[in-house]
Number of protein chains: 2
Amino acid sequence: MKKSGKAEAADLHEPAAANGLLHRRFFLAGGAGVGLAALSGAAKAEPLAVPEWTRKPGAWFSAYGQPSKYESKVGRGAIVEHNPLYESGPGSIRTPLQFLEGMITPNGLHFERSHNGIPDIDPEQHRLVIHGLVKRPLVFTMDDLARYPMTSRISFVECAGNSGALYAKDAAAGTAQTLHGLLSCAEWTGVSLALLLDEAGVDPKATWLLAEGADAASMSRSVPLAKAMDDAMVCLYQNGERIRPSNGYPLRLLVPGYQGNMNVKWLRRIKLTAGPTMTKDETSKYSLLLNEGKSAQFKFQLDAKAIITRPSPGYLLKQQGFYEISGLAWSGNGKVTKVEVTADGGKTWAQAALSDPVLSKALTRFRIPWHWTGQAAVLQARCTDDTGYTQPARDVLIAARGNRAAYHNNAISSWSVATGGEVKHVYA
Amino acid sequence: MKKSGKAEAADLHEPAAANGLLHRRFFLAGGAGVGLAALSGAAKAEPLAVPEWTRKPGAWFSAYGQPSKYESKVGRGAIVEHNPLYESGPGSIRTPLQFLEGMITPNGLHFERSHNGIPDIDPEQHRLVIHGLVKRPLVFTMDDLARYPMTSRISFVECAGNSGALYAKDAAAGTAQTLHGLLSCAEWTGVSLALLLDEAGVDPKATWLLAEGADAASMSRSVPLAKAMDDAMVCLYQNGERIRPSNGYPLRLLVPGYQGNMNVKWLRRIKLTAGPTMTKDETSKYSLLLNEGKSAQFKFQLDAKAIITRPSPGYLLKQQGFYEISGLAWSGNGKVTKVEVTADGGKTWAQAALSDPVLSKALTRFRIPWHWTGQAAVLQARCTDDTGYTQPARDVLIAARGNRAAYHNNAISSWSVATGGEVKHVYA
């Protein structure tokens, strides 16, 4: 089945695509000896001096741990304010994708979008109502819900406005965080919405539902009943612990793979309806404007997409040699089946390795080795999902959608690497 | 292939084991209507009043998020001190398993064991040396390592001393946290140790390695070379972000499925050796004492085990009716294949549902529905892994190991539920 290590290694040393891309299994086949050690700063190891921190007892425990003070740059960055006059109000804050690895986003760095601040909800007083076109309207305390059977799934959440800067005529200066950081992934645990709707008894006339948050914007979205009965969840937990206030404490709707704000935070009400409610949050906003005054109003799924996070703008490649290209791929339609990477702006492509587990509607980490010879390069990645869909080039997306669109930008994005090693966002 | 929903539901309403255990797919087959709504406090939903927090804009964003103030009870609890005279020194702090759900432990709640406090390591100054029986000793800065190819895996870490209280003659009062909380699970990302050892060139005489931490205890363990070349990793990231100081910043060894402290934190040195080094941390401690003065010194793998986390001591079942039994199962030998649950102290068992993804050497969430009729019950879970191994009853384990053992207790543990609903740790 598998070729011998030596034979395979020989094959793997052939380029996988132009401008230095190597086979994704290069390092697994003993390829490393050809160059990585030279990178590693020192081939000769002197005995290490005993540092100061080994000479004295360290710090004591704490009930709830925090990141290192040396990592203070790894925050959610500047807040994108919609109106600088607000003391609170709508805004967003983005995940620093360029500093992270793996598929899970730690809870303290999950992106946030809110429409009128983070409400301070007492879980003892909070209620969830299910009403409208149901046989038996129900109201739940959080303790009631905690007795229900739970399910868990690892799922990404992405704002529909993520990567919106790629609609602009000129490539914005920016980083993976500022351009694409309205994207995170966590393990969510809660109660199947289908189970709660079964309890309430769905009236056959119901085809949609309205989900409403308890924030001061009463953020509300319509969700097709079919989606609600498929894989939607009413979540209490994020990455093991109760969801934090900024991400919906004590209760959040999860509609895997759909526009971020349909995963309604601070969930207080689900009303079953005969059609979409046409709320402010799905009419004045979050509709995809197309050419000729048309709108793809109820396009909910986030299509396949990939982003290279390392290297990305903000990185400086200090010397030639081996690098790993690492990034994230995902699809609101299912599983990632393939990520291809180019180092020459799309002329030649090589397939990246996908890190297990590859899960439906979850972020998937991809990686591929790259030998940078110091020449200019343009790095791109493109994702294919298990429906067979491949994300489009930017010019193809713009041609299809015109210049009025603001949401659902899943075009291939490009990082240029200059001969000096500087990495920048470009259109290519 | 699959029976129709109705036919299946009919079967699923049959008990799966005595004392109220229901089929693990009960809720998936429309079984809920028979009783869950009655639990839920109110069948009639009045329009909700608009609460105070919806009437005014909420709080603004923060660069690094924190849990809700209403969840302050969810901490790592009392520190287990080894000597109350120390201001720092050895100790441990445990994950509050009874308050968590899913498989991931958030970084702030990952258990900690340290032997002389948490060192304050400057990553710019920290180095990793690989030396001893290698062709080419190497020293790495953290920036060097960050250029190497990475891998990710979701893995549990469990202290060898976890559940040690179950060796005591009488059942200790305790919770899932205090009895079993030296156990956590995270997504770890870093460099394959095999890749680094290949770079250094392993001398054929090498069969073990010594891994040493930069803490003030210079905590050190010997690891068989075969394990190092199999799946060990030198980790930089935990759940997406850089590992926190308390869990090994900036560098931690991961030896999936092996005793917790072999996953050496603050890793500074790997020395390849012709045999085990017999450090203080593997001779005076962390050896499993057996009968007749013998010791299973180099038993590293943590065998299959399951713990019920909900309900567990500290919970009070306030009324009869439906509950979900939820817990964690894992094995240092591979994947969990089966978790069985009993509500009658082991006379009859039913199979629990396992939450996807079920990963090798990772925590696996299991769940099973239970109809509590208000009678006394004894809840237990037992895990079987993909080697065919099933965790033993406590009396079987004690009979095999005698009364001097302190580590590797993977006996089945028992929670009694009294007629008043109080849950307690018992031997059964």
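Two residues are in contact here if their C-beta atoms, placed from the backbone, lie within 7 Å. With that in hand, welcome to this predicted model, in which local features need pLDDT of at least 70 and side-chain atom pairs count only at pLDDT 80 or more, while totals for chains, interfaces and linings use all residues. Residues are numbered from 1 along each chain as its sequence is written, and chains are lettered from A and ligands numbered from 1 in the order in which they are written.

**The core**

- B:Val234 touches B:Leu128, B:Leu145, B:Gly190, B:Val191, B:Leu193, B:Leu196, B:Leu251, B:Leu253 and B:Leu267, leaving aside residues up to four places away in sequence.
- A:Val234 and B:Val234 have the most contacts inside the largest nonpolar core, which has 219 residues.
- Such a core is a set of buried Ala, Val, Leu, Ile, Met, Phe, Trp, Tyr and Cys residues joined through C-beta atoms within 7 Å.
- A residue is buried if 20 or more other C-beta atoms lie within 10 Å of its own, exposed if 12 or fewer, and partly exposed in between, with C-beta atoms placed from the backbone.

**How the two chains meet**

- Chain A and chain B each bring 106 residues to the contact.
- On chain A, strand E5 (residues 138-141) gives the most to the side that touches chain B, with four residues.
- Helices (H or I, at least four residues) and strands (E, at least two) are DSSP runs, numbered from the N terminus.
- 100% of the interface residues of chain A are also interface residues in chain B, so the copies meet through the same surface.

**A helix in the interior**

- Seven of the eight residues of helix H5 (residues 193-200) of chain A are buried, so the helix is largely enclosed by the rest of the structure.
- After H5(A) comes A:Gly201, with a positive phi near 80°.

- A:Lys361 is not a glycine, yet has a positive phi of about 60°; A:Lys361 is buried, with 26 other C-beta atoms within 10 Å.
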